[in-house]
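Colleague: Hi! I'm new to this one, could you walk me through it?
Modeller: Happy to, let me put it on screen.

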Number of protein chains: 2
Amino acid sequence: MSKLRCQISVSVDGYVAGPNQSEQEPLGEGGERLHDWVIELESWRRAHGKEGGEVNASTQVMDETLENIGAAVMGRNMFGPIGGGPWDDEWKGWWGDNPPYHYPVFVITHHEREPLEMEGGTTFYFVTDGIEAALERAKEAAGNEDVGLWGGGDVINQYLAAGLLDELELHIAPVVLGGGSRLFEGVGPDVQLDRVRVIEAPGVTHVKYRVLH
Amino acid sequence: MSKLRCQISVSVDGYVAGPNQSEQEPLGEGGERLHDWVIELESWRRAHGKEGGEVNASTQVMDETLENIGAAVMGRNMFGPIGGGPWDDEWKGWWGDNPPYHYPVFVITHHEREPLEMEGGTTFYFVTDGIEAALERAKEAAGNEDVGLWGGGDVINQYLAAGLLDELELHIAPVVLGGGSRLFEGVGPDVQLDRVRVIEAPGVTHVKYRVLH
């Protein structure tokens, strides 16, 4: 059966973005340090149209993480700048004309909007009737493949608290952010985890959990 | 030079104790689950006068963690029940007549009290003039060995924020607590960490960091 799989970079103190997120600093103050490990990778650079980069223990993790994904769900704050406003009908996401997804992405928002077809196979659909509806549509679109949940923190926390997430992979960066968007905020002790795998890689520790239902 | 080394079990959501700590539940609601991995160990059981137990990847971690320690500092809430009150002159800690330390332990408190000599080489000293004074006295007592910082969360956060900690080893348990005593509360992004080592063991992920100064 199609699973909902989340992977996200997190600081040692549990934040997936730093304080004061804005259009200029979408990951908040210091938040870009969470991704130092990934932007060095050859595979990441290739997916983003860049040359060079490293192959290391994170390469296999990212390959695994991205394989067998047929659709994704995403929070509104991951699609566009925090604060909302008039960006809704102009904004096409952070990723340029050819986003690195290449599958349907369901954006959870309060603002209705027509689907936005990008180059390379990514289409953004805007879902206004909540996280369960978004997941249902994404699973339908994914067919036999899984659905990715790529952020932000608030939406991940909602799926976790609702018992809808099947897999959570944390990329723990050796960074203290001291504030911002905290993973597990509002998530209670009824969420049961089973650790699946640990991989030590340069500048990051990958820990994958299965969420028990 | 003598280092200040901390090791502590922490939940996936960053708590070192659950909510509502009390004399009956010193680790708060659900908090004892943080230590499921350690109480299974043969080495832990032996240190606490029990027989049997497992030898696994955590055994070496705990051996390393406890070696070359000549003294420790500890918060008042780790020594006695939260809430304070009249326990001060009667209470002898949670560990019975022969605590598993066997070296001088400096308890940071607001209440003056005579040193408390226990069996097996542990003496509790009560320090009322703050974390720096406690560390200074512990380093003096430790000589060429290191000083252990064994909790609780509030005192660890104070040492971290003050830039006095040299090493932090987290034993990440696959547990969500949803509230309680949060590690890194009040600790800012000026704390720089360098990851030293990762060990995957049954029911726990050990991640050791060096704190850069």
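Colleague: What kind of model is it, and what are its ipTM and pTM?
Modeller: It's a predicted model, and it scores ipTM 0.93 and pTM 0.94.

Colleague: And what pLDDT does chain A average?
Modeller: Chain A averages 93, with 97% of its residues scoring at least 70.

Colleague: How can chain A be laid on chain B?
Modeller: A turn of 180° with a shift of 0.0 Å along the axis does it, giving an RMSD of 0.0 Å. The two copies are thus related as by a two-fold rotation axis.

Colleague: Which residue of chain A comes closest to that axis?
Modeller: That's Gly14(A), whose C-alpha is 3.3 Å from the rotation axis. Both copies use the same surface, by the way: 100% of the contact residues of chain A recur in chain B.

Colleague: Switching to the fold, what is the strand order of the open sheet in chain B?
Modeller: The order is 5-6-4-3-7-1-8-11-10, which makes 9 strands with mixed pairing.

Colleague: Which strands stand at the edges, then?
Modeller: Strand 5 (116–117) and strand 10 (192–201) of chain B. Each has a single partner strand, so one side of each has no neighbour in the sheet.

Colleague: In what sense do strands 1 and 8 of chain B pair, parallel or antiparallel?
Modeller: Parallel, over 7 bridges, with strand 1 covering residues 4–11. Within that pairing, Arg5(B) has Glu167(B) in strand 8 as its bridge partner.

Colleague: Which strands does helix 6 of chain B touch?
Modeller: Helix 6 (residues 153–161) packs on the sheet, touching strand 1, strand 3, strand 4 (104–108) and strand 7 (146–149) of chain B. Its direction makes about 130° with that of strand 1 of chain B.

Colleague: What about helix 3 of chain B, what does it lie across?
Modeller: Helix 3 (residues 57–66) lies across strands 1, 3, 8, 10 and 11 of chain B, and runs at about 140° to strand 10 of chain B.

Colleague: One last thing: is Ala173(B) buried or exposed?
Modeller: Buried, because 22 other C-beta atoms lie within 10 Å, and the cut-off for buried is 20 or more. Ala173(B) is found in strand 8 (residues 167–173) of chain B.

Colleague: Which residues is Ala173(B) in contact with, leaving aside its sequence neighbours within four places?
Modeller: Among them are Ser9(B), Ser11(B), Trp37(B), Gly203(B) and Arg33(B). Arg33(B) is 140 residues away from Ala173(B) in sequence, yet their C-alpha atoms are 8.0 Å apart in space.

Notes:
Residues numbered from 1 in each chain as written. Chains lettered and ligands numbered in written order. Predicted model: local features only at pLDDT ≥ 70, side-chain atom pairs only at ≥ 80, totals over all residues. pLDDT = per-residue confidence, 0-100. Helix = DSSP H or I, 4+ residues; strand = E, 2+ residues; numbered from the N terminus. Buried ≥ 20, exposed ≤ 12 C-beta atoms within 10 Å, placed from the backbone. Contact = placed C-beta atoms within 7 Å. Pairing = 2+ DSSP bridges. Axes fitted to C-alpha atoms, helices over the stretch in contact; angles between N-to-C directions. Least-squares fit on C-alpha atoms with pLDDT ≥ 70 in both.
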